[in-house]
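The sequence and structure come first.

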Amino acid sequence: MAAIAISAAHPILVTRVNHKLSSPNSIDFTNRAFLPVSISLKPLRAVLSSSAVSTEELAAGTGNNSLTLRELCQGHVPEHVLRRMEETGYVLPTDIQREALPVLFSSRDCILHAQTGSGKTLTYLLLIFSLVNAQRSAVQAVIVVPTRELGMQVTKVARVLAAKPLDTDLEHKLCTVMALLDGGMLRRHKSWLKAEPPTIVVATMGSLCQLIEKHIFKLESVQVLVIDEVDFLFNSSKQVSSLKKLLASYSSCNNRQTVFASASIPQHRRFLHDCIQQKWTKSDVLHVHVNAIKPLPSCLHHRFVTQMVLIPFYLTDMWEKNEASNIAILNTV
(Lines give C-alpha, C1' and ligand atoms only; values in the text may rest on other atoms or scores of the structure.)
Protein backbone atom coordinates (compact mmCIF):
# COMPACT_ATOMS: atom_id res chain seq x y z
CA MET A 1 0.00 0.00 0.00
CA ALA A 2 1.34 3.41 -0.86
CA ALA A 3 2.15 5.86 1.92
CA ILE A 4 -0.47 8.54 2.62
CA ALA A 5 0.19 12.08 3.86
CA ILE A 6 -2.28 13.91 6.10
CA SER A 7 -2.01 17.68 6.39
CA ALA A 8 -3.68 20.33 8.58
CA ALA A 9 -2.84 23.95 9.32
CA HIS A 10 -4.05 25.12 12.72
CA PRO A 11 -2.49 26.49 15.95
CA ILE A 12 -1.37 23.83 18.39
CA LEU A 13 -0.57 23.62 22.08
CA VAL A 14 2.73 24.00 23.85
CA THR A 15 4.53 21.23 25.71
CA ARG A 16 8.16 22.23 25.49
CA VAL A 17 10.10 25.52 25.38
CA ASN A 18 13.80 26.11 24.72
CA HIS A 19 15.39 28.83 26.86
CA LYS A 20 18.39 31.04 26.24
CA LEU A 21 20.04 33.54 28.57
CA SER A 22 20.55 36.91 26.93
CA SER A 23 23.10 39.54 28.01
CA PRO A 24 23.26 43.27 27.30
CA ASN A 25 25.06 44.26 24.13
CA SER A 26 25.91 47.74 25.30
CA ILE A 27 26.22 49.70 28.53
CA ASP A 28 26.05 53.35 29.47
CA PHE A 29 29.41 54.20 31.03
CA THR A 30 28.31 57.58 32.38
CA ASN A 31 28.15 56.30 35.95
CA ARG A 32 31.59 55.11 36.92
CA ALA A 33 30.61 53.89 40.38
CA PHE A 34 27.90 51.31 39.77
CA LEU A 35 26.41 50.42 36.43
CA PRO A 36 22.92 48.89 36.42
CA VAL A 37 22.62 46.10 33.90
CA SER A 38 19.25 44.61 32.95
CA ILE A 39 19.50 40.87 32.31
CA SER A 40 16.57 38.85 30.95
CA LEU A 41 16.37 35.43 32.52
CA LYS A 42 14.64 32.37 31.11
CA PRO A 43 10.82 32.19 31.07
CA LEU A 44 9.18 30.93 34.25
CA ARG A 45 6.69 28.76 32.39
CA ALA A 46 4.80 28.32 29.19
CA VAL A 47 1.04 28.75 29.34
CA LEU A 48 -1.06 25.98 27.82
CA SER A 49 -4.20 26.92 25.95
CA SER A 50 -7.20 24.86 27.01
CA SER A 51 -9.46 25.79 24.11
CA ALA A 52 -10.44 23.11 21.61
CA VAL A 53 -9.12 23.58 18.09
CA SER A 54 -11.05 22.38 15.07
CA THR A 55 -9.11 20.35 12.43
CA GLU A 56 -9.74 18.41 9.24
CA GLU A 57 -11.21 14.97 9.65
CA LEU A 58 -8.97 11.97 9.19
CA ALA A 59 -8.53 10.62 5.68
CA ALA A 60 -10.61 7.61 6.69
CA GLY A 61 -13.58 9.92 7.17
CA THR A 62 -13.88 9.54 10.94
CA GLY A 63 -14.92 12.77 12.64
CA ASN A 64 -13.16 13.25 16.00
CA ASN A 65 -12.91 17.02 16.40
CA SER A 66 -15.03 17.13 19.54
CA LEU A 67 -13.43 14.17 21.33
CA THR A 68 -11.39 14.57 24.50
CA LEU A 69 -8.07 12.78 24.99
CA ARG A 70 -9.80 10.22 27.20
CA GLU A 71 -12.36 9.50 24.49
CA LEU A 72 -9.60 9.14 21.87
CA CYS A 73 -7.69 6.70 24.09
CA GLN A 74 -10.62 4.80 25.61
CA GLY A 75 -10.26 1.07 25.08
CA HIS A 76 -6.56 1.38 24.26
CA VAL A 77 -4.76 3.09 27.15
CA PRO A 78 -5.12 1.65 30.69
CA GLU A 79 -7.46 3.51 33.04
CA HIS A 80 -4.77 4.43 35.58
CA VAL A 81 -2.69 6.08 32.84
CA LEU A 82 -5.73 8.04 31.66
CA ARG A 83 -6.32 9.23 35.21
CA ARG A 84 -2.70 10.32 35.57
CA MET A 85 -2.99 12.10 32.22
CA GLU A 86 -6.01 14.06 33.41
CA GLU A 87 -4.47 14.80 36.80
CA THR A 88 -1.48 16.27 35.00
CA GLY A 89 -3.75 18.55 32.98
CA TYR A 90 -3.94 16.80 29.62
CA VAL A 91 -7.65 16.86 28.78
CA LEU A 92 -8.15 18.21 25.26
CA PRO A 93 -6.08 16.82 22.40
CA THR A 94 -3.78 18.91 20.27
CA ASP A 95 -3.97 18.69 16.49
CA ILE A 96 -1.22 16.09 16.20
CA GLN A 97 -2.83 13.95 18.91
CA ARG A 98 -6.26 14.20 17.29
CA GLU A 99 -4.87 13.20 13.89
CA ALA A 100 -2.26 10.62 14.88
CA LEU A 101 -3.68 8.64 17.83
CA PRO A 102 -6.36 6.77 15.81
CA VAL A 103 -3.66 5.87 13.27
CA LEU A 104 -1.23 4.67 15.93
CA PHE A 105 -3.88 2.65 17.75
CA SER A 106 -4.55 0.82 14.47
CA SER A 107 -0.95 -0.55 14.64
CA ARG A 108 0.29 1.53 11.69
CA ASP A 109 3.84 2.86 11.58
CA CYS A 110 3.76 6.63 11.65
CA ILE A 111 5.84 9.74 11.02
CA LEU A 112 4.70 12.51 13.39
CA HIS A 113 5.58 15.78 11.69
CA ALA A 114 4.57 18.84 13.74
CA GLN A 115 6.22 21.87 15.24
CA THR A 116 7.90 21.98 18.64
CA GLY A 117 5.34 22.17 21.42
CA SER A 118 2.62 20.38 19.49
CA GLY A 119 2.29 17.36 21.80
CA LYS A 120 4.25 14.72 19.88
CA THR A 121 5.81 13.31 23.07
CA LEU A 122 2.47 12.63 24.73
CA THR A 123 1.18 11.16 21.46
CA TYR A 124 3.78 8.40 21.22
CA LEU A 125 3.79 7.82 25.00
CA LEU A 126 0.05 7.08 24.93
CA LEU A 127 0.70 4.57 22.15
CA ILE A 128 3.41 2.93 24.25
CA PHE A 129 1.17 2.63 27.32
CA SER A 130 -1.54 1.11 25.14
CA LEU A 131 0.77 -1.75 24.10
CA VAL A 132 3.13 -2.58 26.97
CA ASN A 133 2.37 -5.07 29.72
CA ALA A 134 3.92 -4.11 33.05
CA GLN A 135 3.58 -7.71 34.28
CA ARG A 136 6.18 -8.87 31.74
CA SER A 137 9.80 -8.60 32.81
CA ALA A 138 11.16 -7.32 29.51
CA VAL A 139 11.93 -4.07 27.70
CA GLN A 140 8.90 -3.50 25.48
CA ALA A 141 9.38 0.08 24.26
CA VAL A 142 12.47 2.09 23.33
CA ILE A 143 12.54 5.85 22.76
CA VAL A 144 15.71 7.13 21.08
CA VAL A 145 16.58 10.80 21.61
CA PRO A 146 19.47 12.84 20.18
CA THR A 147 20.50 14.60 23.41
CA ARG A 148 20.65 13.94 27.13
CA GLU A 149 18.52 17.02 27.85
CA LEU A 150 15.65 15.85 25.65
CA GLY A 151 15.94 12.39 27.15
CA MET A 152 15.47 13.80 30.63
CA GLN A 153 12.32 15.65 29.54
CA VAL A 154 10.80 12.57 27.89
CA THR A 155 11.68 10.38 30.88
CA LYS A 156 10.00 12.80 33.26
CA VAL A 157 6.74 12.80 31.29
CA ALA A 158 6.79 9.01 30.95
CA ARG A 159 7.31 8.52 34.70
CA VAL A 160 4.53 10.97 35.53
CA LEU A 161 2.09 8.99 33.38
CA ALA A 162 3.31 5.65 34.73
CA ALA A 163 2.91 6.65 38.39
CA LYS A 164 -0.01 5.57 40.57
CA PRO A 165 -3.00 7.96 40.36
CA LEU A 166 -3.82 10.04 43.42
CA ASP A 167 -6.19 8.46 45.97
CA THR A 168 -5.97 5.09 44.24
CA ASP A 169 -4.69 1.78 45.55
CA LEU A 170 -3.34 -0.24 42.66
CA GLU A 171 -2.30 -3.79 43.41
CA HIS A 172 -0.81 -4.66 40.04
CA LYS A 173 2.73 -3.76 39.01
CA LEU A 174 3.28 -0.39 37.31
CA CYS A 175 5.47 0.32 34.29
CA THR A 176 9.07 1.24 35.02
CA VAL A 177 11.02 3.75 32.94
CA MET A 178 14.81 3.75 32.58
CA ALA A 179 16.86 6.64 31.20
CA LEU A 180 19.94 5.34 29.38
CA LEU A 181 21.58 8.70 28.80
CA ASP A 182 25.23 9.55 28.30
CA GLY A 183 26.92 9.91 31.66
CA GLY A 184 28.24 8.09 34.72
CA MET A 185 25.05 6.15 35.48
CA LEU A 186 25.51 3.61 32.68
CA ARG A 187 27.31 1.00 34.80
CA ARG A 188 24.50 0.84 37.36
CA HIS A 189 21.93 0.64 34.57
CA LYS A 190 23.68 -2.41 33.14
CA SER A 191 23.02 -4.27 36.39
CA TRP A 192 19.42 -3.05 36.41
CA LEU A 193 18.84 -4.31 32.87
CA LYS A 194 20.08 -7.78 33.83
CA ALA A 195 18.32 -8.02 37.19
CA GLU A 196 14.89 -6.56 36.39
CA PRO A 197 14.44 -5.10 32.90
CA PRO A 198 12.33 -1.92 32.81
CA THR A 199 9.22 -1.68 30.67
CA ILE A 200 10.26 1.48 28.82
CA VAL A 201 13.76 2.69 27.96
CA VAL A 202 14.62 6.26 26.96
CA ALA A 203 18.11 6.31 25.48
CA THR A 204 20.60 8.31 23.50
CA MET A 205 21.97 6.59 20.43
CA GLY A 206 25.45 6.15 21.87
CA SER A 207 24.34 4.54 25.14
CA LEU A 208 21.82 2.25 23.45
CA CYS A 209 24.18 0.95 20.76
CA GLN A 210 26.93 0.43 23.32
CA LEU A 211 24.71 -1.91 25.33
CA ILE A 212 23.42 -3.67 22.21
CA GLU A 213 26.93 -4.33 20.89
CA LYS A 214 27.98 -5.74 24.28
CA HIS A 215 24.90 -8.02 24.24
CA ILE A 216 23.62 -6.49 27.46
CA PHE A 217 20.48 -5.23 25.77
CA LYS A 218 18.35 -6.92 23.10
CA LEU A 219 15.48 -5.61 21.02
CA GLU A 220 13.70 -8.92 20.51
CA SER A 221 10.91 -8.08 22.97
CA VAL A 222 10.47 -4.46 21.87
CA GLN A 223 6.98 -3.72 20.53
CA VAL A 224 7.41 0.01 19.91
CA LEU A 225 10.50 1.84 18.67
CA VAL A 226 10.30 5.65 18.73
CA ILE A 227 12.94 7.87 17.13
CA ASP A 228 12.46 11.42 18.42
CA GLU A 229 13.93 14.37 16.49
CA VAL A 230 14.67 11.96 13.65
CA ASP A 231 15.88 14.72 11.33
CA PHE A 232 18.60 15.68 13.82
CA LEU A 233 19.82 12.08 14.07
CA PHE A 234 19.89 11.55 10.31
CA ASN A 235 21.81 14.81 9.86
CA SER A 236 24.38 13.86 12.49
CA SER A 237 27.44 12.25 10.90
CA LYS A 238 28.28 10.61 14.25
CA GLN A 239 24.86 9.04 14.83
CA VAL A 240 23.37 8.27 11.43
CA SER A 241 25.23 4.99 10.90
CA SER A 242 24.20 3.73 14.34
CA LEU A 243 20.61 4.78 13.69
CA LYS A 244 20.47 2.85 10.42
CA LYS A 245 21.86 -0.24 12.18
CA LEU A 246 19.25 0.12 14.89
CA LEU A 247 16.43 0.34 12.36
CA ALA A 248 17.52 -2.37 9.95
CA SER A 249 20.20 -4.62 11.47
CA TYR A 250 19.57 -4.80 15.21
CA SER A 251 15.83 -5.29 14.75
CA SER A 252 13.20 -5.85 12.05
CA CYS A 253 10.39 -3.45 11.21
CA ASN A 254 8.03 -6.42 10.90
CA ASN A 255 8.37 -7.23 14.61
CA ARG A 256 7.70 -3.75 15.97
CA GLN A 257 5.66 -0.61 15.50
CA THR A 258 7.94 2.24 14.45
CA VAL A 259 7.27 5.91 15.15
CA PHE A 260 9.37 8.81 13.88
CA ALA A 261 8.81 12.26 15.39
CA SER A 262 10.22 15.60 14.32
CA ALA A 263 9.39 19.29 13.99
CA SER A 264 11.20 19.47 10.67
CA ILE A 265 11.66 16.82 7.99
CA PRO A 266 13.22 18.35 4.87
CA GLN A 267 12.23 16.51 1.69
CA HIS A 268 9.72 14.46 3.65
CA ARG A 269 8.47 12.66 0.51
CA ARG A 270 11.97 11.38 -0.13
CA PHE A 271 12.30 10.40 3.53
CA LEU A 272 9.02 8.50 3.35
CA HIS A 273 10.28 6.65 0.27
CA ASP A 274 13.54 5.77 2.02
CA CYS A 275 11.68 4.47 5.08
CA ILE A 276 9.89 1.94 2.92
CA GLN A 277 12.78 1.05 0.60
CA GLN A 278 15.31 0.64 3.43
CA LYS A 279 12.74 -1.23 5.54
CA TRP A 280 13.01 1.16 8.43
CA THR A 281 9.21 1.00 8.57
CA LYS A 282 6.44 -1.14 7.11
CA SER A 283 5.18 -0.32 3.62
CA ASP A 284 1.92 1.22 4.91
CA VAL A 285 3.67 3.86 7.01
CA LEU A 286 1.59 7.03 7.40
CA HIS A 287 2.94 10.58 7.37
CA VAL A 288 0.86 12.81 9.66
CA HIS A 289 1.81 16.42 8.93
CA VAL A 290 0.19 19.07 11.14
CA ASN A 291 0.57 22.85 11.02
CA ALA A 292 3.26 23.15 8.39
CA ILE A 293 2.81 26.93 7.97
CA LYS A 294 3.13 28.65 11.35
CA PRO A 295 6.74 28.84 12.60
CA LEU A 296 5.79 28.99 16.30
CA PRO A 297 2.75 28.01 18.39
CA SER A 298 0.37 30.96 18.46
CA CYS A 299 -0.73 30.23 22.03
CA LEU A 300 2.76 30.43 23.56
CA HIS A 301 3.19 33.20 26.13
CA HIS A 302 6.60 33.98 27.64
CA ARG A 303 6.97 35.37 31.15
CA PHE A 304 10.29 36.89 32.16
CA VAL A 305 11.90 38.10 35.38
CA THR A 306 14.27 41.03 35.00
CA GLN A 307 17.14 41.17 37.47
CA MET A 308 19.17 44.32 38.07
CA VAL A 309 22.87 43.75 38.62
CA LEU A 310 25.18 46.48 39.92
CA ILE A 311 28.63 46.23 38.37
CA PRO A 312 31.48 47.78 40.39
CA PHE A 313 33.37 50.49 38.52
CA TYR A 314 36.60 48.48 38.42
CA LEU A 315 34.92 45.90 36.15
CA THR A 316 33.54 48.35 33.61
CA ASP A 317 36.74 48.48 31.59
CA MET A 318 36.62 44.70 31.29
CA TRP A 319 33.12 44.67 29.76
CA GLU A 320 33.12 43.28 26.24
CA LYS A 321 30.61 42.64 23.51
CA ASN A 322 31.26 38.93 23.80
CA GLU A 323 28.33 37.34 25.67
CA ALA A 324 30.30 34.49 27.23
CA SER A 325 32.96 36.84 28.54
CA ASN A 326 30.37 39.14 30.12
CA ILE A 327 28.67 36.22 31.87
CA ALA A 328 32.05 35.23 33.28
CA ILE A 329 32.57 38.79 34.52
CA LEU A 330 29.15 38.82 36.22
CA ASN A 331 29.98 35.53 37.95
CA THR A 332 32.90 37.26 39.69
CA VAL A 333 30.72 40.00 41.16
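Predicted model: local features only at pLDDT ≥ 70, side-chain atom pairs only at ≥ 80, totals over all residues.

Residues are numbered from 1 along each chain as its sequence is written, and side-chain values use heavy atoms, with hydrogens and water left out. The protein has eleven helices and ten strands, taken as DSSP runs numbered from the N terminus (helices H or I, at least four residues; strands E, at least two). Of its 333 residues, 48% are buried, where buried means under 20% relative accessible area, exposed over 50% and partly exposed in between (1.4 Å probe, protein chains only).

**Aromatic pairs**

- The structure contains four aromatic pairs; rings of Phe, Tyr and Trp (its six-membered ring) pair if their centres lie within 6.5 Å, and planes under 30 degrees apart count as stacked, over 60 as edge-to-face and the rest as tilted.
- Phe-260 and Phe-271 form a tilted pair, because their ring centres are 5.5 Å apart and their planes stand at 55°.
- This pair links distant parts of the chain, with Phe-260 in strand S8 (residues 257–262) and Phe-271 eleven residues away in helix H10 (residues 268–277).
- Both Phe-260 and Phe-271 are buried.
- Phe-271 and Trp-280 also make a tilted pair, with centres 6.5 Å apart and planes at 40°.
- Phe-271 is buried at 11% relative accessibility, and Trp-280 is buried at 7%.
- Ring pairs join Phe-234, Phe-260, Phe-271 and Trp-280 into a cluster.

**Second largest pocket**

- The second largest pocket holds about 260 Å³ of space; grid points are joined across faces, edges and corners, and the volume is the space filled by probe spheres set on the points.
- A pocket is an open set of points on a 1 Å grid over the protein atoms alone, where a 1.4 Å probe fits, with protein on both sides within 12 Å along at least five of seven lines; lining residues have an atom within 4 Å of a point.
- Among the lining residues are Phe-234, Phe-271 and Trp-280, together with Asp-231, Lys-244, Arg-270 and Asp-274.
- Helix H8 (230–234) and H10 each supply at least two residues of this lining.
- The lining has six nonpolar, two polar and four charged residues, with Ala, Val, Leu, Ile, Met, Phe, Trp, Tyr, Cys and Pro counted as nonpolar, Asp, Glu, Lys and Arg as charged, and the others, Gly among them, as polar.

**Helix H10**

- Phe-271, Leu-272 and Cys-275 are the buried residues of H10.
- They lie on the same side of H10, because they cover an arc of only 100° around the axis, the arc being that of the directions from the helix axis to the C-beta atoms.
- The face of H10 turned away from its buried side carries the exposed residues Arg-269, Arg-270 and Gln-277.
- Strand S3 (110–113), H8, S8 and strand S9 (286–290) pack against the buried residues of H10.

**Strand S3**

- Leu-112 is in strand S3 and is buried, at 0% relative accessibility.
- The C-alpha atoms of Leu-112 and Val-288 are separated by 5.4 Å, although the two are 176 residues apart along the chain.
- Not counting residues up to four places away in sequence, the residues that Leu-112 touches include Ile-96, Val-259, Phe-260 and Val-288, contact meaning heavy atoms within 4.5 Å.
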